[in-house]
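Subject: Structure handover

Hello,

Here is the structure you are taking over. My notes on what was found follow below it.

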Amino acid sequence: MPDTLRRSIGWLTAIRIVVLSLILLSAILVQAGAGIHIEITFLYALFAAAVLLALFHWTVGRYLAPRISAYIQLLADVGIATVLVYSSGGPDSVFNFLYLVVIGASGFLLYRTGAVIVATVAAILYGAMVQLMAYGVLPPPPLAPVSEWSTARIRFNLAITVAGFYGVAFMVSYLSEKLLAARVELELRQRALQRLQTLYGNVIATMSSGLMTTDADQRITFLNRAGGDLLGVDPGAAPGRPIAEFGFAFPDEWTEIRSRARGRETYRGELDIDWKSSRRVLGFSLRVLKESDGEEEGTLILFQDLTEIKKLERRARFNEQLAAVGELAAGIAHEIRNPLASISGSVQVLSKDLSVGSAEKRLMEIIVSESNRLSKILEDFLRFVRPQERRVAEFDMAVNLSEVMDLFRLSDEVSDGHKIEVDVAPASSQLSGDRDQIRQIVYNVAKNAVRAMAAGGSLRVVGREDDAWYSIRFIDTGRGMSEEELARLFTPFSTAFDGGTGLGMAIVRRIVEDHGGAIDAESIPGEGTTVTVLLPRRALASEIGNREPVAAPLIEPWPVRDHRTGAA
Ligand code: ADP
Ligand code: MG
């Protein structure tokens with residue numbers, strides 16, 4: 001406020017100069033036009049005084065408090081007005097109104113106190129001037145003849161004038177105080193509004209959920225930063241574009257969605273969107289926005305990326321089932337193992353007895369071989385539910401992959417009808433993990449491939465590396481899997497192979513995830529299956545085996561149905 005006051009005083013000094021120069025100019029013109037001589041020296045003096053006051057304001061006034069400066073200028077104005085009024089006829093003067101102007105200005109600039117002080121000074125000066133003129137103390141004014149006034153008339157004139165002074169002082173200062181209060185109130189409200197706007201802006205900008213508003217025609221009107229990140233677009237470029245462009249294809253009709261999201265209702269759902277060549281699951285909630293007049297307008301959509309949560313959910317559900325079943329089954333398996341060993345041992349001893357006939361011997365052999373098979377299942381199972389200790393070391397994955405496949409070629413799973421091709425590049429590739437367990441992965445997956453090609457076929461094993469991952473792809477031309485089979489691929493005990501335990505892939509998946517890797521399978525019934533294993537090359541030794549399994553980013557660890565459509 002002091003600055004505005006100072007500026008107003010500046011204007012006051014300027015206006016004063018203009019008014020005085022106009023008066024001076026018209027006096028000069030009158031003098032020249034009418035050819036009469038008027039004494040106007042005092043007008044020059046007043047003009048000079050106005051200029052000096054302006055100079056004073058711009059020099060010394062800078063260092064004064066604006067209020068003091070204003071008092072000086074306004075009181076000087078009262079003085080100037082008195083000189084003008086006196087010289088143009090005292091109470092008869094046409095310039096009497098100047099007092100009111102000055103008092104009015106004081107009311108505006110200095111409010112009530114200032115206006116009353118200025119009005120009082122004006123009243124004293126005016127009263128003194130009129131009295132002194134009436135008593136003839138002051139010489140007759142230079143510009144106009146003085147009319148003879150009666151004492152009563154002079155008193156009446158003084159009373160009216162002074163009343164006028166105070167009237168203007170109170171009226172103007174009242175108005176200007178009101179104005180000031182209104183201005184202060186307005187400023188407070190503006191500041192509150194601004195603060196609210198900043199708050200909203202900050203909340204929307206920093207929230208981690210995507211926030212989007214659209215008009216009634218599904219065109220984006222606003223997208224926040226997190227939303228832009230989720231959708232992989234520049235939030236600034238989104239407004240005006242249809243939401244379908246960003247993968248928002250709703251299961252229901254737009255009008256139906258909007259009618260369901262009226263009032264307090266929220267429409268919720270999930271969306272699959274293709275995001276930067278990977279599939280994301282978005283959870284969203286949608287509401288119809290109301291304008292302040294109650295008219296329904298745009299739509300507000302809040303959305304989050306649920307992809308990771310979904311993966312975790314699936315894994316948690318799987319682990320839960322596993323834990324429950326595993327605990328129970330592991331106990332039983334353990335209990336079965338010992339009696340089984342006794343049975344098989346006893347029968348073996350009995351079969352050595354020479355008195356047993358050949359038919360009985362065959363039966364005993366069946367008991368022994370079936371017991372062995374059963375014990376193998378139990379072993380597999382126990383390995384699955386109670387993983388052995390992991391020995392993590394750096395080893396050459398490329399060499400190991402080739403070695404395991406060489407051994408595998410020799411196993412009795414493989415027959416002449418099987419063509420096995422191993423394509424490993426580069427020929428050497430370091431990886432840290434449990435070498436034996438990883439060899440077991442390769443063996444298990446390769447064995448499944450060959451078993452799926454009972455009538456022969458070809459298996460291609462491709463090993464590749466990049467900076468962070470080693471990938472192994474097993475591509476077979478076997479019988480493939482139906483959707484349901486594929487979905488149960490990693491489920492323990494689900495098997496379609498003769499003599500299978502249904503634990504192979506479950507163990508494989510467990511090892512892969514314990515290493516922080518990922519596994520995925522694609523299959524077309526009757527044509528073949530591709531299993532992809534991804535292993536991180538630099539797993540931290542301390543992490544392996546005692547961390548929550550974390551999915552590698554490139555493939556889904558759990559078979560995703562839609563992957564297959566693009567397969568083979
Ligand atoms: P198992 O080999 O003991 O049956 P797995 O967990 O290794 O158990 O495999 C589970 C099931 O998945 C198999 O029984 C088979 O039905 C199916 N499967 C696995 N790999 C393949 C493959 N390469 N081709 C076709 N089916 C397969
Ligand atoms: Mg198997």
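Ligand 1 has 20 residues around it, and those that come nearest are Asn448, Thr495, Ala496, Gly502 and Met505. Please keep in mind that this is a predicted model. Asp476 has a polar side-chain atom 2.8 Å from a nitrogen atom of ligand 1. For Glu485, a polar side-chain atom lies 3.2 Å from an oxygen atom of the ligand. In Thr529, an N or O atom of the side chain is 3.3 Å from a nitrogen atom of ligand 1. The ligand exposes 530 Å² when taken alone, and the protein buries 95% of that.

Next, the division of the chain. The domain assignment gives domain 1 (2–185), domain 2 (210–305), domain 3 (311–385) and domain 4 (392–564). Between the C-alpha centres of domain 1 and domain 4 there are 102 Å.

On aromatic residues: the structure holds 6 aromatic pairs. One of them is formed by Tyr99 and Phe165, with 5.1 Å from centre to centre and 45° between the planes, which makes the pair tilted. Tyr99 belongs to helix H4 (residues 97–134) and Phe165 to helix H5 (residues 151–206), so this pair ties together parts that are 66 residues apart in sequence. Tyr99 and Phe165 are buried. Together with Tyr126, Tyr99 and Phe165 form one aromatic cluster.

Phe248 and Phe303 form an aromatic pair that is edge-to-face, at 5.4 Å centre to centre with 75° between the planes. Phe248 is in the loop between helix H6 (225–231) and helix H7 (254–260), whereas Phe303 is in strand E5 (residues 296–305), so the pair ties together parts that are 55 residues apart in sequence. Phe248 and Phe303 are both buried.

A ring also takes part in a contact with a charge: the charged end of Arg509 sits over the ring of Phe490, 5.8 Å from the ring centre. The C-alpha atom of Phe490 is separated by 10.0 Å from that of Asp520, and the two residues are 30 apart along the chain. Asp520 is placed in strand E11 (residues 518–524). With a relative accessible area of 3%, Asp520 is buried.

Gly345 lies in helix H8 (residues 307–351). Its relative accessible area is 26%, so Gly345 is partly exposed.

Last, the backbone. Most residues other than glycine have a negative phi, and most peptide bonds are trans. Against that background, which residues are joined by a cis peptide bond? They are Ala425 and Pro426, with omega at about -5°. Pro426 is in the loop between strand E7 (418–425) and strand E8 (430–433).

Tyr111 has a positive phi, near 60°, and is a residue other than glycine. Tyr111 is found in helix H4, the helix that also holds Tyr99. At a relative accessible area of 23%, Tyr111 is partly exposed. Gln218 also has a positive phi, near 65°. Gln218 is located in the loop between strand E1 (210–214) and strand E2 (220–223), and its relative accessibility of 22% counts as partly exposed.

Regards

Technical notes. Residues numbered from 1 in each chain as written. Chains lettered and ligands numbered in written order. Predicted model: local features only at pLDDT ≥ 70, side-chain atom pairs only at ≥ 80, totals over all residues. Heavy atoms only, no water. Phe/Tyr/Trp six-rings, centres within 6.5 Å; stacked < 30°, edge-to-face > 60°. Helix = DSSP H or I, 4+ residues; strand = E, 2+ residues; numbered from the N terminus. Buried < 20%, exposed > 50% of the residue type's maximum accessible area, 1.4 Å probe, protein only. Lys NZ or Arg CZ within 6 Å of the ring centre and 35° of its normal. Near = heavy atom within 4 Å. Polar contact = N/O pair within 3.5 Å; in protein donor to acceptor, adjacent residues only side chain to side chain. Areas by Shrake-Rupley, 256 points an atom, 1.4 Å probe, with all protein chains shown as cover. Domains from an automatic or database assignment.
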